[in-house]
Amino acid sequence: MADLLFEIGTEELPSWYVKSGGEALVVLLTQRLAAAELAPTGASGYATPRRLAVWARGLPASTPKRTVERRGPPASVAFDESGAPTKAALAFAAKNGVDQGALELRKDEKGEYVYAHVTVGGEAAAAVLPELLAGVVKDLPAPRKMRWGDEPTPFIRPVAWLLALLGDEVIPVAAAGVRAGAITRGHRFMAEGEFGVKSAADYAPALAERFVMADRAARREATWLAVQAAADEQGLSVTEDDALLDEVTDLVESPFAVLGSFASGYLQLPEEVLATVMIKHQRFFPTRDASGRLAAAFVGVSNTSVPDVAVVRQGYEQVLAGRLYDARFFWTSDRRKSLSQHAWGLSGIAFQQELGSMADKTARVGETVGQLLDALDLEQKEAYAATQALPIFRADLATEMIFEFPELEGVMARAYALAEGLPAATAEALLGGVSPRTHEDDVPATAAGAVLALADRVDKLIGFFALGKRPSGSADPFALRRDGLAVARVLNARGWPLRLTTLVEAGSAAYAAGPVTASTDVQQAVVEFVWDRVASLLLDNGAPVNVVRAAIQGSVTVIGAARRVELLKALMDLEEMPALMALYKRAANLAKGEAVPVDAHAFDHPEHKLGAAVKPALFTEPQEAPLLAALPAAQRGADELLAAAKGQLPGWDLRDPAPRQLTGVADALQALIGIKAPLDDFLDGVLVMADDPDVRRNRLALLSEVVRLLRQLGDLEQLAGS
């Protein structure tokens with residue numbers, strides 16, 4: 001047994017790849033070792049901006065020996081008429097390293113063939129690893145790989161060196177134009193130069209002596225502690241920002257935090273502007289004072305320790321001051337106009353060449369919002385806020401601040417609206433209308449903002465789908481999947497019982513005057529596209545795939561599907577469910593023979609009168625009346641389950657799991673499951689397809705009632721078929 005250390009040294013890696021690249025290297029290498037029957041007992045990964053490495057522990061010295069059987073040529077080819085081996089048999093024996101006398105003849109389904117028993121394996125690990133490790137370098141997943149010079153092996157950045165040790169033996173790997181050795185490199189500036197590594201266990205400590213923290217988790221923790229310590233120098237605090245901390249961790253090999261400051265006058269800018277300038281543009285950590293207010297100080301993290309930290313601090317402060325000066329200039333300049341005046345500029349900003357300008361788009365959004373307000377029973381103040389926001393929706397796109405800091409769209413709209421004295425609800429709607437922009441963003445905080453967000457996203461989806469620019473495979477150049485996810489998240493978070501078809505029809509109506517035609521095919525494609533996003537969100541939260549399918553196929557609203565997932569998960573825990581699903585499937589199959597098909601969305605018609613189509617006078621078998629009599633109790637159970645789901649799950653962001661499991665539904669579940677016994681008796685004791693057409697239709701109507709009742713919980717065929 002020996003330990004393998006493999007390091008890929010590179011030019012500076014992009015920070016967003018350091019963590020994922022290090023994890024991918026561990027996975028790929030251990031998979032390849034296992035496939036080669038050299039599986040390690042364990043593996044640890046290292047990742048810094050200049051290196052990805054793996055320490056694989058306990059590799060066997062060689063692959064295991066084993067005997068395999070190989071089939072050779074047919075007997076008619078391997079031996080001549082006298083029974084002597086032909087050249088074909090001799091070549092087969094020589095190829096497999098066995099004596100011709102050891103060849104066997106055996107008949108199988110294809111005829112009589114020559115067989116040889118060959119001992120394979122036993123290759124030394126050191127002999128297997130060169131090609132295996134070269135393949136790992138070649139196949140390590142990464143976006144946007146590059147080639148340099150004449151080197152045929154692509155990698156995300158030029159490979160500068162390779163280190164490959166098995167125990168203390170160098171593995172002669174050749175890849176990406178580099179031949180491996182036992183040499184690595186220390187910190188680029190603080191320990192420049194190469195040095196030898198004796199073993200895998202020696203790797204991380206030796207790097208640490210040269211100012212490289214190879215363990216990413218330890219470096220992340222050290223970075224955070226350094227940031228906190230720097231802020232504490234002046235009694236300030238730092239709010240942990242995981243994304244910023246990850247990025248900074250992957251920009252340095254050793255963290256050195258420096259506390260800097262800026263002119264307090266800049267604190268008059270909106271906090272979002274200050275935070276964006278510091279975090280997004282400089283990777284600085286904002287600080288807060290004891291009262292929780294943003295302080296005129298920040299913490300920057302350097303990759304290098306210098307004798308005079310004041311030099312670093314001064315550099316940080318100068319570059320930040322320039323950005324803040326620009327931000328204050330934009331803030332002052334933009335407010336010389338009202339948002340209404342800025343909105344005039346939207347006609348000069350292209351949305352999409354074929355779909356017109358941003359002014360055209362906001363006009364369509366306004367029409368869609370009008371229809372949605374009619375369809376949704378919003379409070380008057382929310383409807384008023386949405387209406388007031390419409391004329392200035394996305395007007396901040398025409399401001400200088402957004403031209404320089406586009407990530408502040410919506411944030412600046414709210415800030416400018418408040419600065420010119422507009423109501424807070426209107427200002428909040430302007431921000432909500434562009435939320436969520438990413439998976440990490442929150443959904444709109446208000447109903448007015450949610451209406452704007454839905455209208456805006458559905459307008460984009462319809463327009464691009466009508467142009468035939470829908471996502472294909474992994475390609476999604478217009479980020480339409482993100483818009484579909486936003487629609488799903490917003491609808492579910494608000495808990496609105498708004499049909500997706502209604503939403504898409506409203507958006508399509510706004511295109512009635514052009515510039516594209518939102519045909520029924522386009523509308524259907526958009527609806528299906530959003531449903532796919534709903535499914536992906538539910539699956540990401542751990543729901544079984546058949547449950548998600550059953551919930552979505554049985555729903556016309558996003559919140560209905562999400563609630564049904566929770567209902568079905570509760571039902572699937574019941575011992576009786578497999579048997580009930582089998583009975584349901586039989587009943588559903590029989591009910592398909594009825595002249596009028598069962599409505600898949602029967603639960604969307606609450607006016608349906610239970611059992612109205614069944615005529616007890618036509619009952620001829622003793623199992624029919626008990627099944628009809630069991631319907632009210634089962635319906636009561638279904639009603640209580642749906643009511644519980646609606647009451648306990650009023651709405652939540654689908655990015656997250658449901659906020660709670662359903663509780664207090666045991667009696668309702670048992671009431672529903674009570675339909676099982678009479679249904680079982682009916683299907684076993686009654687000939688449904690009776691010769692008498694009236695009796696047959698009556699029995700089918702009774703089964704249809706059962707199917708209709710159970711389908712209130714979802715398209716249970718998806719569960720019955722599992």
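1. The lining of the largest pocket comprises 13 nonpolar, five polar and 16 charged residues (Ala, Val, Leu, Ile, Met, Phe, Trp, Tyr, Cys and Pro count as nonpolar; Asp, Glu, Lys and Arg as charged; the others, Gly among them, as polar). A pocket is an open set of points on a 1 Å grid over the protein atoms alone, where a 1.4 Å probe fits, with protein on both sides within 12 Å along at least five of seven lines; lining residues have an atom within 4 Å of a point.

2. This is a predicted model, in which local features need pLDDT of at least 70 and side-chain atom pairs count only at pLDDT 80 or more, while totals for chains, interfaces and linings use all residues. Residues are numbered from 1 along each chain as its sequence is written, and side-chain values use heavy atoms, with hydrogens and water left out.

3. Of the 34 lining residues, Asp 241, Thr 276, Lys 280, Arg 437 and Asp 441 lie nearest the centre of the largest pocket. Helix H8 gives the most to this lining, with six residues (helices are DSSP runs of H or I, at least four residues, and strands are runs of E, at least two, numbered from the N terminus).

4. Arg 51 belongs to strand E3 (residues 51-59). Arg 51 has a relative accessible area of 0% and is therefore buried (under 20%; exposed is over 50%, with a 1.4 Å probe and protein chains only).

5. Lys 592 sits in the loop between helix H22 (577-591) and helix H23 (624-648). Lys 592 is exposed, at 59% relative accessibility.
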